[in-house]
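Biologist: I would like to read this fold feature by feature. Where do we begin?

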Amino acid sequence: MPANHQETEASIAQLVGQVYEIAPPAERSRLLEHLLKPLGVLSLMAIANGIFASIRFRSGWPDIHVRAEDVQNVQPDDVITLVNYVQQVSVQAVDGLADMLAGSAAIAGSAAAIMLIALLVQRSRSRRAEDNRH
């Protein structure tokens, strides 16, 4: 497991990209919806040439729904960039992926998903332990 905070975040982003790459379209949509929730439009404009802002505008407000045709245009590298940004805004949103992935029969058994869930759970526990010390 990565030792420091930045390595952990980079590993998490890479693993989310790998999970996205192998996920069926419906799971890709759920993954993106989860990651896009904590971000505003200005943030989304700055990420991956605005591809996520376009999805958000099409989706409406306040609920977000990512369509199958939207995920066709989103590449794993775009998702990695998105995750890196979301981790700066809401670590809890990224950590919440563990529950979502664990509940998905379509991807929960993949090596990338298993590693990602383990890393997210470990990070969440470490953060809680650190909070309890303060």
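Biologist: What distance does α2 reach from its first C-alpha to its last, and what is expected at 1.5 Å a residue?

Modeller: Bear in mind that this is a predicted model. To check a helix, set its end-to-end reach beside the expected span. α2 has 12 residues and reaches 16 Å between its end C-alpha atoms. That is close to the 16 Å expected.

Biologist: And what span should the residues of α1 give?

Modeller: α1 has 18 residues, which at 1.5 Å a residue should span 26 Å. Its end C-alpha atoms are 26 Å apart, so the two values agree.

Biologist: Is α2 mostly covered or mostly uncovered?

Modeller: Burial is read from relative accessible area. α2 is mostly covered, with nine of its 12 residues buried. They are Glu-27, Arg-28, Ser-29, Leu-31, Leu-32, Glu-33, His-34, Leu-35 and Leu-36.

Biologist: Glu-27 is an acidic residue in that list. Why does Glu-27 count as buried?

Modeller: The cut-off is under 20% relative accessible area. Glu-27 has 13%, so it counts as buried. Beyond its neighbours within four places in sequence, Glu-27 is in contact with Ser-104, Ala-106 and Ile-107.

Biologist: Which residues of α1 are buried?

Modeller: Start with the general idea. An α-helix has 3.6 residues a turn, so residues three or four places apart point the same way. Now the case here. The buried residues in α1 are Thr-8, Glu-9, Ile-12, Ala-13, Leu-15, Val-16, Gly-17, Val-19 and Tyr-20. Their cover includes α2, α5, α6, α7, α8 and α9.

Biologist: At what angle do α1 and α6 pack?

Modeller: α1 and α6 pack at about 140°, with their axes 8 Å apart. That angle makes α1 oblique to α6. The crossing is right-handed. On the α1 side, the contact is made by Glu-9, Ile-12, Ala-13, Gln-14, Val-16, Gly-17, Tyr-20 and Glu-21. On the α6 side, Pro-76, Val-79, Ile-80, Val-83, Asn-84 and Gln-87 take part.

Biologist: Is the crossing of α1 and α9 left-handed or right-handed?

Modeller: α1 passes α9 in a left-handed crossing. Their axes come within 9 Å and cross at roughly 145°. Thr-8, Glu-9, Ser-11, Ile-12, Leu-15, Val-16, Gln-18 and Val-19 in α1 meet the other helix. The α9 residues they meet are Ala-112, Ala-113, Met-115, Leu-116, Leu-119, Leu-120 and Arg-123.

Biologist: Take Ala-113 from that set. What does Ala-113 touch?

Modeller: To place a residue, read its accessibility and then its contacts. At 0% relative accessibility, Ala-113 counts as buried. Not counting residues up to four places away in sequence, Ala-113 touches Val-19, Ile-107 and Ala-108. Ala-113 and Ala-23 are 90 residues apart in sequence, yet their C-alpha atoms are 9.9 Å apart.

Biologist: Is Val-121 buried, partly exposed or exposed?

Modeller: Val-121 is in helix α9. Its relative accessibility is 28%, so it counts as partly exposed. Val-121 and Asp-95 are 26 residues apart in sequence and 7.3 Å apart, C-alpha to C-alpha.

Biologist: What does Leu-32 touch?

Modeller: Leaving out residues up to four places away in sequence, Leu-32 touches Tyr-20, Phe-52, Val-66, Val-71, Val-74, Val-79 and Leu-82.

Biologist: What is the phi of Asn-49?

Modeller: Asn-49 has a positive phi of about 55°, although it is not a glycine. Asn-49 lies in the loop between α3 and α4. At 83% relative accessibility, Asn-49 counts as exposed. Ala-48 is found in that loop as well. Its phi is near 50°, again a positive value in a residue other than glycine.

Terms used:
Residues are numbered from 1 along each chain as its sequence is written. This is a predicted model: local features need pLDDT of at least 70, side-chain atom pairs count only at pLDDT 80 or more; totals for chains, interfaces and linings use all residues. Side-chain values use heavy atoms; hydrogens and water are left out. Contact means heavy atoms within 4.5 Å. Helices (H or I, at least four residues) and strands (E, at least two) are DSSP runs, numbered from the N terminus. The expected span of a helix is 1.5 Å times one less than its number of residues. Buried means under 20% relative accessible area, exposed over 50%, partly exposed in between (1.4 Å probe, protein chains only). Axes are lines fitted to C-alpha atoms, for helices over the stretch in contact, and angles run from 0 to 180 degrees between N-to-C directions. Angles under 35 degrees count as roughly parallel, over 145 as roughly antiparallel, 65 to 115 as roughly perpendicular and the rest as oblique. A crossing is left-handed if the near helix is turned anticlockwise from the far one by less than a right angle, and right-handed if clockwise.
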